[in-house]
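Here are my notes on this one, jotted down as I went through it. Have the model open while you read.

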Amino acid sequence: MAQLHVVEDGNEREKYSSFFLVSLRLRMPTPIRLRELIRTIRTARTQAEEREMIQKECASIRSSFREEDNTYRCRNVAKLLYMHMLGYPAHFGQLECLKLIASQKFTDKRIGYLGAMLLLDERQDVHLLMTNCIKNDLNHNTQYVQGLALCTLGCMGSSEMCRDLAGEVEKLLKISNSYLRKKAALCAVHVIRKVPELMEMFLPATKNLLSEKNHGVLHTSVVLLTEMCERSPDMLSHFRKLVPQLVRILKNLIMSGYSPEHDVSGISDPFLQVRILKLLRMLGRSDDDSSEAMNDILAQVATNTETSKNVGNAILYETVLTIMDIKSESGLRVLAINILGRFLLNNDKNIRYVALTSLLKTVQTDHNAVQRHRSTIVDCLKDVDVSIKRRAMELSFALVNGNNIRGMMKELLYFLDSCDPEFKADCASGIFLGAEKYAPSKRWHIDTIMRVLTTAGSYVRDDSVPNLIQLITNSMEMHAYTVQRLYKALLDDISQQPLVQVASWCIGEYGDLLVSGRCEEEEPIQVTEDEVLDVLEGLLVSNLSSPVTQGYVLTAIMKLSTRVSTVNRIKKVVSVYGSNIDVELQQRAVEYNALFKKYDHMRSALLERMPIMEKTATNGPTETAQTNGEVEPSALDLKNLPSVPQAPGQANNLLDLLGGSDAAPVIQTAAPTKPVSAGGELLDLLGDLSLSGGPAPTLFNDIAAGIPPMTAYNKNGLIIEFTFERSNLNPNIAVITIHASNSTEAEMTEFVFQAAVPKTFQLQLLSPSSNIIPALNQGTITQVIKVLNPQKQQLRMRVKLTYTHNGSPVQDLTEVNSFPPQSWQ
Amino acid sequence: MIKAILIFNNHGKPRLIRFYQYFAEDMQQQIIRETFHLVSKRDDNVCNFLEGGSLIGGSDYKLIYRHYATLYFVFCVDSSESELGILDLIQVFVETLDKCFENVCELDLIFHVDKVHYILQEVVMGGMVLETNMNEIVAQVELQNRMEKSEGGLSAAPARAVSAVKNMNLPEIPRNINIGDINIKVPSLSPF
């Protein structure tokens with residue numbers, strides 16, 4: 001594009017002239033406008049076309065930058081930012097942004113600062129060049145320029161910049177211009193986040209922030225105060241004296257009637273109300289006096305807020321959270337939970353969602369109140385919305401207790417049937433845990449497990465197979481019933497590996513019961529030995545069976561050799577697998593072959609029925625679980641039956657833990673039926689347990705009415721709380737649930753909780769929910785401990801904690817003595 | 001704290017992206033794609049809250065979104081923000097856009113993305129909510145726009161040129177050129 005100029009008297013004064021004037025001088029074309037570029041790009045029909053256009057434009061922009069053209073720089077940077085949004089590289093514009101910031105024109109500064117915020121960050125050294133410009137602009141005589149500088153500093157200021165400029169920000173925090181004051185407040189928040197030591201500096205300026213009339217300033221001031229309180233407990237106590245003032249502001253907002261400038265759907269500045277409620281929550285959290293001062297206003301807000309629109313509900317929601325978090329009186333708490341209950345019935349899905357989320361948070365502390373809404377919660381399981389379903393599921397598991405177990409499990413099993421695959425694993429785990437804790441009868445327990453295995457068998461966690469097997473073994477009177485049902489299930493479906501593994505193990509153990517047709521619980525089926533062997537052999541050759549499953553089946557077949565009469569057939573099968581390509585199967589087959597030949601005299605003893613396994617303690621799946629629960633003792637390891645305490649090295653370690661001789665060793669078995677074929681790395685009580693399990697629903701924290709929870713451990717940011725429950729079935733058993741939380745800034749990983757009790761007690765540790773405690777109280781680990789106390793002695797416990805924090809391992813030993821008397825009397 | 005604000009259309013084309021935490025460029029684009037994927041498959045009658053995708057921080061963060069005609073407005077926030085409050089904030093932002101652009105539509109956002117950024121800057125600063133009063137926001141944006149306009153605006157037509165052309169003494173252009181049988185009507189040229 002040629003451009004026409006008039007050269008006058010040799011002076012280079014450029015003017016734009018009309019078409020009819022004479023002399024022509026060719027020059028770089030004017031960079032096109034942003035609008036032009038956008039229009040052009042929109043005409044591109046393919047990605048390649050678009051890329052071509054953009055590259056062409058970038059080249060033109062680059063040369064324009066090289067020419068140091070001040071006039072069009074802002075236009076070019078604007079185009080660059082647009083292309084950046086579409087995903088194209090724009091880093092060559094960074095320096096240009098700085099030049100724009102240094103310009104005198106407001107337009108330039110505006111786009112320059114925007115560019116800096118979008119293209120730069122503290123990782124590029126270039127950003128430090130901004131410091132001086134920002135400093136000047138913070139003192140500019142135009143408030144909008146000052147505003148730009150504050151905005152940029154508050155978005156991407158690095159720690160160095162913040163240190164240099166904190167003084168300017170502090171000055172601006174004290175002036176009367178509300179436009180700048182509110183920006184300065186948020187900028188101060190950013191400075192404090194980057195350089196926490198500077199927090200003190202802003203303290204004087206906060207003195208009269210709350211007496212502001214301007215809502216914008218009030219709002220950001222409350223944000224600033226909240227940030228300061230979050231970061232420093234000293235600040236928190238210091239600002240407690242502001243509670244009366246905050247209460248007054250809130251009152252004015254509610255009572256002031258219609259105020260057109262702050263009105264949102266008939267409510268006066270809901271955003272400010274929510275902010276203040278949040279700050280009040282923080283201030284009242286562990287302080288009785290502050291909580292006392294807030295009670296009235298909270299009740300007022302809770303009862304007076306109009307709930308027909310979303311804004312009202314946002315305020316109510318915040319109010320409920322505040323009530324639950326501070327030390328409010330019980331009447332107020334009940335009011336809050338009832339509000340949540342009302343939310344659950346609201347048509348608006350968003351409201352139901354937040355209600356479920358809040359109930360989840362409060363179910364541990366106000367369990368009984370939440371129980372009242374159980375049916376509504378269970379109904380939410382049928383909701384279309386995935387997020388709501390998930391929360392309803394978690395909440396349902398938290399509400400399961402001995403009284404409602406049958407009804408709840410029915411609903412949950414139905415849910416398991418129809419839910420999306422993403423839920424199935426967690427749901428199955430939750431059902432298992434709940435069934436284990438509250439099963440009203442053995443038969444019900446086994447039926448429930450069968451149901452889970454048949455509906456969601458491929459989604460159950462790895463460690464459930466050995467757990468189930470152990471459970472089945474211990475229910476002696478149910479053996480025949482169990483094996484029959486499992487056999488029938490196998491006939492229907494052999495694709496779900498956990499089901500197949502449990503079934504084949506049971507057939508191996510109780511095949512004689514199956515064939516003899518003795519079943520008391522239900523109609524016995526007639527099945528011959530050959531039919532059973534047909535099924536098992538079918539499993540061996542099926543493509544659906546994993547190698548681990550095949551291992552189970554082979555051993556099951558072997559066991560049947562002492563229980564049924566068709567031994568020759570078994571011998572044949574076993575010898576065939578002696579040359580199988582899978583090493584594990586081959587080894588087994590060879591060893592079993594040897595059993596038939598040279599060691600036939602030992603065979604019946606070795607393949608005897610498994611004894612009842614004392615599940616005295618499990619500590620979650622170890623590495624062995626990753627082979628999917630190898631249950632079978634290989635022939636030569638059979639001597640290490642799990643009813644005997646494990647390797648002596650471990651007993652020594654236990655005594656180490658306990659220190660004195662008056663404590664009974666805790667017998668740890670990983671999954672109790674497994675001495676691992678790989679001998680050595682067994683249940684290292686004190687070693688590195690790699691807990692492979694995913695998070696099980698953590699919410700089994702039933703508090704029986706009356707037993708107060710206690711804080712068992714509080715050191716270095718790690719807080720462990722115990723909550724108690726007495727078992728309905730056996731009054732000598734106390735069920736303790738530990739909740740471990742972490743208030744430091746780094747998460748704690750590889751967390752292992754170990755406990756030992758005096759000789760007269762017995763202890764059982766179930767699997768923890770996970771072994772990582774997220775930082776800043778964002779989540780907890782829970783683990784269930786069952787303590788058997790037949791002599792009703794005072795409960796004492798020695799606890800050993802190990803975890804990794806900030807890369808270094810931490811270990812601590814402590815003794816817990818102050819158990820509430822209701823937990824052991 | 002608000003971690004990111006994303007506006008994209010029903011096909012996933014970004015209309016405005018603003019991250020309040022550092023992400024590399026290609027990561028930003030991936031996050032946009034992932035977020036679009038998560039949000040677009042939601043029915044219209046489910047709730048407006050989602051767990052954040054794995055790229056943006058997973059379950060520690062929530063995506064709160066609203067669907068207006070052809071545009072999705074997505075705010076990615078952490079647990080310190082009230083979900084219902086952010087929903088209201090999105091509403092305030094959109095109504096502000098409506099006031100500033102007079103019945104805002106997607107084309108306005110496409111062609112004036114810089115202006116949308118400036119408006120957003122008055123609502124959210126550094127990932128925190130700055131101002132929620134619509135009239136305040138509109139007033140402040142107006143004043144700043146006026147300052148820009150007086151300088152010639154982004155198109156950077158120099159102010160001197162404007163007055164220069166006005167002052168120029170253009171020769172008189174005949175409105176009609178009649179040469180014999182040919183009749184040419186000269187179009188009137190505007191100064192720009």
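1. Cavities first: there are 11 of 30 Å³ or more. A cavity here is a set of points on a 1 Å grid over the protein atoms alone where a 1.4 Å probe fits but cannot get out; points are joined across faces, edges and corners, and the volume is the space filled by probe spheres set on them. The largest cavity comes to about 160 Å³.

2. A word on ground rules: this is a predicted model, with local features needing pLDDT of at least 70 and side-chain atom pairs counting only at pLDDT 80 or more, while totals for chains, interfaces and linings use all residues. Residues are numbered from 1 along each chain as its sequence is written, chains are lettered from A and ligands numbered from 1 in the order written, and side-chain values use heavy atoms, leaving out hydrogens and water.

3. Who lines the largest cavity? There are 15 lining residues, with A:Phe271, A:Val274, A:Arg275, B:Gly85 and B:Ile86 nearest its centre (lining means an atom within 4 Å of a point). Helices H13 (270-284) and H15 (310-325) of chain A and H2 (83-101) of chain B each give two or more residues, and H13(A) gives the most, with 5. Helices are DSSP runs of H or I, at least four residues, numbered from the N terminus.

4. Now the interface: 71 residues of chain A are in contact (heavy atoms within 4.5 Å) with 67 of chain B. The buried area, meaning accessible area (1.4 Å probe) lost on being put together and summed over both parts, is about 6500 Å², with 61% from carbon and sulfur atoms. In chain A, A:Met85, A:Arg110 and A:Phe271 lose the most, together 12% of what that side buries.

5. Across that interface I'd look at the 7 salt bridges, each a side-chain nitrogen of Lys or Arg within 4 Å of a carboxyl oxygen of Asp or Glu. A:Arg275, one of the cavity-lining residues, forms a salt bridge with B:Glu81 at 3.5 Å between the closest N and O atoms.

6. Over all chains the salt bridges come to 45. Among them is A:Glu96 with A:Lys99, at 3.2 Å; they sit 3 residues apart in helix H4 (residues 94-102) of chain A, so about one helical turn separates them.

Notes: On a 1 Å grid over the protein atoms alone, a cavity is a set of points where a 1.4 Å probe fits but cannot get out, and a pocket is an open set with protein on both sides within 12 Å along at least five of seven lines; lining residues have an atom within 4 Å of a point. Buried area is the accessible area (1.4 Å probe) that two parts lose on being put together, summed over both.
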